[in-house]
Amino acid sequence: MRADTPPTIRLQDYKVVPYRIDAVALDFTLAPHATRVSSRITIQPNPLRKEKSAPLVFDADTLKLLSIAMYRRF
C-alpha cells in the first residue's frame, strides 16, 4: 500500500487545450547506435478555447533537435 495519497483532480481544474493535433506522421530510421525520428504534425488553434493566443512549446529536454520548420496556414 502506498503512503502517498494522489492529488484530487476536480472538473473545474481542467482547461481547454490551446491547440488541436489533426494529424501525425512519423518516420523512423533505426541504426545500431542512434535512431532518427522525423515527424510531420498538423496543429491548429483549438476553436473551443476562449483565449486565442497561447505559446506553442517544444518540450524535449532529452532529445537532440536537428531541425524544425513551421508553416502557418491559418
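Analyst: Two residues are in contact when heavy atoms of theirs lie within 4.5 Å. The model discussed here is predicted, with local features requiring pLDDT of at least 70 and side-chain atom pairs pLDDT 80 or more, whereas totals for chains, interfaces and linings use all residues. Residues are numbered from 1 along each chain as its sequence is written, and side-chain values use heavy atoms, with hydrogens and water left out.

User: Which residues is Arg49 in contact with, leaving aside its neighbours within four places in sequence?

Analyst: Arg49, which is found in the segment after β2, is in contact with Val16, Val17, Pro18 and Ala54 once its neighbours within four places in sequence are left aside. The side chain of Arg49 also reaches the backbone oxygen of Val16 at 3.2 Å, which falls under the polar-contact limit (a pair of N or O atoms within 3.5 Å, one able to donate a hydrogen and the other to accept it, with residues adjacent in sequence counted only if both atoms are side-chain atoms).

User: Why is Arg49 called buried?

Analyst: The relative accessibility of Arg49 is 17%, and the term buried applies under 20% relative accessible area, exposed over 50%, and partly exposed in between (1.4 Å probe, protein chains only); Arg49 therefore counts as buried.

User: And why is Asn46 called buried?

Analyst: Asn46 is called buried because its relative accessible area is 10%. Asn46 has its place in the segment after β2 and touches Val16, Val17, Pro18, Tyr19 and Arg20, not counting residues up to four places away in sequence. A polar atom of the Asn46 side chain lies 3.1 Å from the backbone oxygen of Val17.

User: What makes β1 and β2 a pair of strands?

Analyst: Strands are DSSP runs of E with at least two residues, numbered from the N terminus, and two of them pair if DSSP finds at least two bridges between them. β1 and β2 have 11 bridges and pair in the antiparallel sense; they form a hairpin with 4 residues between them. Across this pairing Val24 stands opposite Ile41, and the bridge partner of Phe28 in β2 is Val37.

User: How do you know that Asp22 is joined to the side chain of Gln44?

Analyst: A polar contact of 2.4 Å joins the side chains of Asp22 and Gln44, and another, of 3.1 Å, joins those of Asp22 and Arg20. Not counting residues up to four places away in sequence, Asp22 touches Thr42 and Gln44.

User: Is Asp22 buried or partly exposed, and which class do Leu56 and Ala31 fall into?

Analyst: Asp22 counts as partly exposed because its relative accessibility is 39%; Leu56, at 45%, is likewise partly exposed, and so is Ala31, at 43%. Leu56 lies in the segment after β2 and is in contact with Tyr19, Ile43 and Met70, leaving aside its neighbours within four places in sequence. Ala31, found in the loop between β1 and β2, is 44 Å from Glu51, C-alpha to C-alpha, at 20 residues apart in sequence.

User: What makes a region of space count as a pocket, and which residues lie nearest the centre of the largest pocket?

Analyst: On a 1 Å grid over the protein atoms alone, a pocket is an open set of points where a 1.4 Å probe fits, with protein on both sides within 12 Å along at least five of seven lines, and lining residues have an atom within 4 Å of a point. The largest pocket is lined by 33 residues, with Ser39, Arg40, Ile41, Ile68 and Ala69 nearest its centre. The elements giving two or more residues to this lining are β1 (19–30) and β2 (35–45), and β2 supplies the largest share, 11 residues. About 1600 Å³ of space lies in the largest pocket.

Notes:
Grid points are joined across faces, edges and corners, and a volume is the space filled by probe spheres set on the points.
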